[in-house]
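Dear colleague,

I am handing over the structure we spoke about, and below it you will find an account of what turned up when I went through it. Please look it over before reading on.

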Amino acid sequence: MSRSLYFRLGFHNLDRAALFFLLPSLLYLVLFFLYPFFYGLVLSLTPESGKPIYHNFYLFLADDWQRSTIWKTIRLAIPITLLVVFISVPLAYTMRRGIKFERLITTFLILPVSLGTVLIAEGVLGFLGGNGWFNQFLIKIGLIKESFRFTYNYTGVVIGLFLKNFPYCFLMLLGYVSGINPEIEKSARILGARPMQIFWRIMLPLMAPGITIAFCLVFVMDFAVFPTAILLGQPAGETRTIAIAAYQMAFEHYDMPKASSIAMIMAMTQMIGLVTILALRRRLYRGTSLGITKG
Amino acid sequence: MERAAIGHIEVQITKRFGKKTVLDNFTLNVKGREFITLLGPSGCGKTTALNCIAGLVPLSEGKIFVDGERLDTIPPEKRGIGMVFQNYALFPHMTVFKNISFGLELQKKPLDEVKSRVNEVLSLIRLQGFGDRFPGQLSGGQQQRVAIARALAPRPKLLLLDEPLSNLDAKLRLDMRGELKNLHRELGLTSIYVTHDQCEALSLSDRIAVIHEGMIQQVGTPKEIYEKPANLFVADFMGCENFFTLKVRAIESDGKTALLEQDGFRLRLSNIPQPITIGHEVTLTIRPDDIQVTHAPSLGSQVQVKEEQNTTSGVVHVVQYLGKENDIEIFLENNKKIRVRSPEKVERGDKVTLYFNPEKIIFIPKG
């Protein structure tokens, strides 16, 4: 490393001890993120001999059936993310100063997080499946004649992902909103703002950074959907997401270079999504968010 | 700036949180254009009282009137009150201009009026040209001034201030105190100020209400509160740290001069403001600055003449250097601890003579 770069990166401020204690996390980053990423990138750019370097990408994008997985994933990820965030925001907002039975409610919300994807899917199948309690109940009371199909299709994946990702989003937003100085709201009230005006003009802009982060995280989780899409969806049809395509290429066709190229395409699509969200947020609200608590 | 409404306030409220009574039949009359301070230790209910007036906390019982009109039945956003909070509570995502114009825009004022009023209050707080800044770019003192401007812009009938200076450092606090006093003189706006700082209360207020455990202990001018505390709590809170309970031993023929004594500590006082009977106890107090302390004279010295009346001797226990003077803890011969503030140079273990100026002694009414 040249001396000027050494200074520009601020390494002259790091003493040996700091570097030493940084080592485990750097090692982790290199071993489990950077190395696999670049390994995959190189792999994806190593097609069969005699083909151009972008050949694996070309094959995926030229194939209608393969290419459609991008759209199928987006079609799941964006609506579910919107649904999760739009339900979480008002709920977290109303609970920001605490409500009755808050602990009980929070416990119920955390439960799905701790149970894991497969158990949630089992639960949804048992409750909403063709012979599930819900359908049986609707038939018993004569509302419908044939079972309504909630599972093994698009709806099934939406329900499963919602149950899995809603608690994350809600709890994160709840933490964020309760962190906003309550006197900001009080002063708006005294200046003449009605509750709805306070929400739209004061609290929502202050929540915007938190909502953006929550949106990004839920989007990433939704975009990588794999077990839910298989267990509750139609993995050979309308919910064949890009993760499933990558899995099949890797472990059914044992073609690692092509699988890697699919993973790269998935990463790029995700990045485009995240950049779009952050750009939108920057256009909507400017200025700082949470704290100007000096002194 | 044009004068706001008169703003005569009558408050009579009780507030309970669950089983705990925070304000017990709290009754206060504030004259129009008056600056009144609610003074008390933390948890005494003063902030709750302010929040009740603002409408941020519902009353358990009672009524609030402003200029004869019922206030407590109106939602807070329609009360026409200005409020300033301890931590400024500015809207961090809005510029200074937008912060101040927020209340005016909600009143649907025309744009040019909004602009002229914002500029008016900005010059009032001497922050012209700061309209485009964000609160995060201002110092603590500037932020608090913006908060005051924001409260004043809609021309409220009443200004509530909840410990507005507590977050500022000592020097800035003193400057802001002056500015607040100036603002009140210029605008003549009825103001209710909450603080736990007796200096702030004494320097700013027309009147002070001392509060303890949800009850008003005494209401009066700063001079009355300082010189004639109504009870032990007020006296203690206003910085009288030395309390004595003495028995009346003898009364002289004028009926007002008496010899008081307890455990060998003796005072001869005239002009006792309360009826006295031999054998009864009286409670009195004296501020640390009103006790004179001198090194105990060696035997045979001339100064001893003075020893006769209202003096006693003691031993220095702790000395804290405060610059202009020392804060000295002294144990009297009867082991009672006395706090004195004096420029006299003393050290731990020194024998000293204390003189209690009878004119500075404050009698505390019974009950």
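How many of the 14 residues of H5(A) are buried? Before the answer, please bear in mind that this is a predicted model. The number buried in H5(A) is zero, so this helix lies largely in the open. Helix H5 of chain A covers residues 102-115, and at 1.5 Å a residue its 14 residues should span 20 Å, which agrees with its end C-alpha atoms, since these are 20 Å apart. After H5(A) comes Gly116(A), a residue whose phi is positive, near 95°.

Stepping back to the whole of chain A, you will find 13 helices and zero strands there, so that, read from the N terminus on, the elements are α-α-α-α-α-α-α-α-α-α-α-α-α. Of the 295 residues of chain A, 31% count as buried. When contacts in chain A between residues at least 6 apart in sequence are considered, 74% of them join residues at least 24 apart.

Chain B contains an open sheet, in which four strands are arranged in the order E2-E1-E4-E5 with antiparallel pairing. Strand E2 (20-30) and strand E5 (69-70) of chain B stand at its edges, and because each has a single partner strand, one side of each is left without a neighbour in the sheet. The partner strand E1 of chain B, residues 9-17, runs antiparallel to E2(B) and is joined to it by eight bridges; within this pair, Ile13(B) stands opposite Phe26(B) of E2(B).

Finally, there is the place where the two chains meet, a contact that takes 23 residues from chain A and 24 residues from chain B. On the side of chain A that touches chain B, helix H9 (182-190) and helix H10 (195-223) each supply at least two residues, and the largest share, six residues, comes from H9(A).

With best wishes

Notes. Residues are numbered from 1 along each chain as its sequence is written. Chains are lettered from A and ligands numbered from 1 in the order in which they are written. This is a predicted model: local features need pLDDT of at least 70, side-chain atom pairs count only at pLDDT 80 or more; totals for chains, interfaces and linings use all residues. The expected span of a helix is 1.5 Å times one less than its number of residues. A residue is buried if 20 or more other C-beta atoms lie within 10 Å of its own, exposed if 12 or fewer, and partly exposed in between; C-beta atoms are placed from the backbone. Two strands pair if DSSP finds at least two bridges between them. Two residues are in contact if their C-beta atoms, placed from the backbone, lie within 7 Å.
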